[in-house]
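Colleague: I want to go through the labels on this model. For each one, give me the value and the cut-off behind it.

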Amino acid sequence: MELPDDLIYTEEHEWIRRGEGTAFRLGITDYAQDQLGDIVFVELPDIGATVETGGLLAEVESTKSVGEVYAPVAGRITAVNERLADEPELVNSDPYGDGWLVEMETPEAVPTMLDAAAYRALTE
């Protein structure tokens, strides 16, 4: 299982790449995409939408099931990965790169969550 050291992780199998200030990019982990199987559809929020901590952020549909992605912090959606509309399989093939889901800004600092070692321990 691939786990980049420069990301932080949630217990709900999401990764966060910190950006400038209170901005960040979010996706699902290699572990999560592997558990879902072949991803065939990704539903993302609208740019400008606001979400609450724990609120539904996206739905990822695979040949096995539908997975829900929840916001780790409250914030406003500033970008969505529009490539996923035509290429949802990017979440499988490159979950930490081209398979990202959304970019957000939060009014608070992005919290410290799990580092790669702690997330690895959670999934083993």
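Modeller: Start with a side-chain pair: Y119 and T29 are joined by a polar contact of 2.8 Å. Keep in mind that the model is predicted.

Colleague: Why is the link between the side chains of Y119 and T29 called a polar contact?

Modeller: The cut-off for a pair of N or O atoms is 3.5 Å, with one able to donate a hydrogen and the other to accept it. The Y119–T29 pair is at 2.8 Å. The label polar contact therefore applies.

Colleague: Where is Y119, and what does it touch?

Modeller: Y119 belongs to helix 3, residues 116–123. Leaving out residues up to four places away in sequence, Y119 touches L3, Y9, T10, H13, T29, Y31 and L114.

Colleague: What makes Y119 buried?

Modeller: Buried means under 20% relative accessible area. Y119 has 0%, so Y119 is buried.

Colleague: How many aromatic pairs does a search of the whole structure find?

Modeller: Two. One of them is Y9 with Y119.

Colleague: Why is the pair of Y9 and Y119 called stacked?

Modeller: Centres must lie within 6.5 Å, and planes under 30 degrees apart count as stacked. Y9 and Y119 are 5.1 Å centre to centre, with 20° between the planes. Both values pass, so the pair is stacked. The pair links distant parts of the chain: Y9 is in strand 1 (residues 8–9) and Y119 in helix 3, 110 residues apart. Y9 is buried, as is Y119.

Colleague: What makes the pair of W15 and Y96 tilted?

Modeller: The centres are 6.0 Å apart and the planes are at 55°. Under 30 degrees would be stacked, over 60 edge-to-face.

Colleague: Which parts does the pair of W15 and Y96 tie together?

Modeller: W15 lies in strand 2 (residues 14–18). Y96 lies in the loop between helix 2 (90–93) and strand 9 (102–105). The pair thus ties together parts 81 residues apart in sequence.

Colleague: How do you know that W15 and Y96 are buried?

Modeller: W15 has 0% relative accessibility, and Y96 has a relative accessible area of 6%. The limit is under 20%, so W15 counts as buried and Y96 is buried too.

Colleague: How far apart are Y119 and W15?

Modeller: Y119 and W15 are 104 residues apart in sequence, yet 9.9 Å apart in space, C-alpha to C-alpha.

Methods: Residues numbered from 1 in each chain as written. Predicted model: local features only at pLDDT ≥ 70, side-chain atom pairs only at ≥ 80, totals over all residues. Heavy atoms only, no water. Helix = DSSP H or I, 4+ residues; strand = E, 2+ residues; numbered from the N terminus. Buried < 20%, exposed > 50% of the residue type's maximum accessible area, 1.4 Å probe, protein only. Contact = heavy atoms within 4.5 Å.
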